[in-house]
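My notes follow in the order of the searches.

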Amino acid sequence: MKILYCGICHSDLHLAKDEVGMTIYPIVPGHEIVGEVTKVGRNVTKFKVGDIAGVGCMVGSCRSCDNCTQDLENYCPKMVWTYNKHHEDGSRTFGGYSDKIVVDEHFVVQIPKNLPLQGTAPMLCAGITVYSPMRYFGLMESGKHLGVVGLGGLGHMAVKFAKAVGAKVTVISTSPNKKKEAVEQLGVDEFLISHDQEQLQAAMGTMDGIIDTVSAAHPLLHLVGLLKTNGKLILVGAPIQPPELPVFPLILGRKLVAGSAIGGMKETQEMIDFAAKHNITADVEVIPMDYVNTALERVAKADVKYRFVIDVANTIKSPY
């Protein structure tokens, strides 16, 4: 594939700086990739030259374990990340901050023609990361009340998916200045300031589920309190520091705290098709390749609405 656009994910920053102690240098980040198919192997059946295709967070798995046979390649013990991993033959994987990529067709999704490509790229990580748990835990239903913690790349996608099915959405944020845009542009029903105790108290016990997208350390107790009996708090933001989680509030409300990581390939294609049907894309700031270092600094400060996307094809400078 010739890479056309690649989104910048917060995990790109973590791995570029080796903040989790697992980076294999040299590293080429990027796992929100949209591009044009330029060549296909003789056994390829899903794609032809000229097709627009997408690559998300993984490019390989064992294809035979229980998870793989249930279309849950994302939970395969031998899953191969799109970058910072090794294939079975020992070769390295490198991501989308590049001009091209070669991928097994099983780990590539078809991009419908009506989706703008720059806004589609982030859905291959940010989109599926929230879509999968929302579907699995029964929160993509009309009439449900969904809380979304953090209105960034992941959070704004959760809002769009939930509103598309007629759910009520409350955003929980530390930033009062995001309220106007959340309500007027994204259609959020309620907006809570996470440190305003009066607002939190009024909303206690009202939500069927909460998608927590925040990647910085933060308390969970008040989020558990916002849930109805049998409510579900799903963590997808992956803070490096472990959270403090009191158990009694869970026991007394039969509440569930869960995690979720992206989605399998079948579900990722389903998510893209859902987005195409409902005209959903990420809100992005398109940047040239030589702005990447500055963009990563801004990601660290949460200074983007809501996802950076690199215009790879038009701005990368080939050394050849």
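Sheet. I traced an open sheet of 6 strands, in the order β6-β3-β2-β1-β14-β13, with mixed pairing. I took strands (E, at least two residues) and helices (H or I, at least four) as DSSP runs, numbered from the N terminus. Two strands pair if DSSP finds at least two bridges between them. The edge strands are β6 (109-110) and β13 (284-287), and each of them pairs on one side only. Next I checked β1 (residues 2-8) against β2 (residues 33-36): the two run antiparallel and are joined by 4 bridges. Across that pairing, Ile-3 stands opposite Gly-35 in β2.

Basis. The model is predicted, so I note that local features need pLDDT of at least 70 and side-chain atom pairs pLDDT 80 or more, while totals for chains, interfaces and linings use all residues. Residues are numbered from 1 along each chain as its sequence is written, and side-chain values use heavy atoms, with hydrogens and water left out.

Cysteines. I searched the whole structure for disulfides (cysteine sulfur pairs within 2.5 Å) and found 0. I then looked up exposure, where buried means under 20% relative accessible area, exposed over 50%, and partly exposed in between (1.4 Å probe, protein chains only). Cys-62 is partly exposed at 23%, and Cys-76 is buried at 6%.

Cavity. A cavity is a set of points on a 1 Å grid over the protein atoms alone where a 1.4 Å probe fits but cannot get out; a pocket is an open set with protein on both sides within 12 Å along at least five of seven lines; lining residues have an atom within 4 Å of a point. Volume is the space filled by probe spheres set on the points, which are joined across faces, edges and corners.

Pocket. I put the second largest pocket at about 330 Å³. Among its 16 lining residues, Met-1, Lys-39, Val-40, Val-102 and Val-103 lie nearest the centre.
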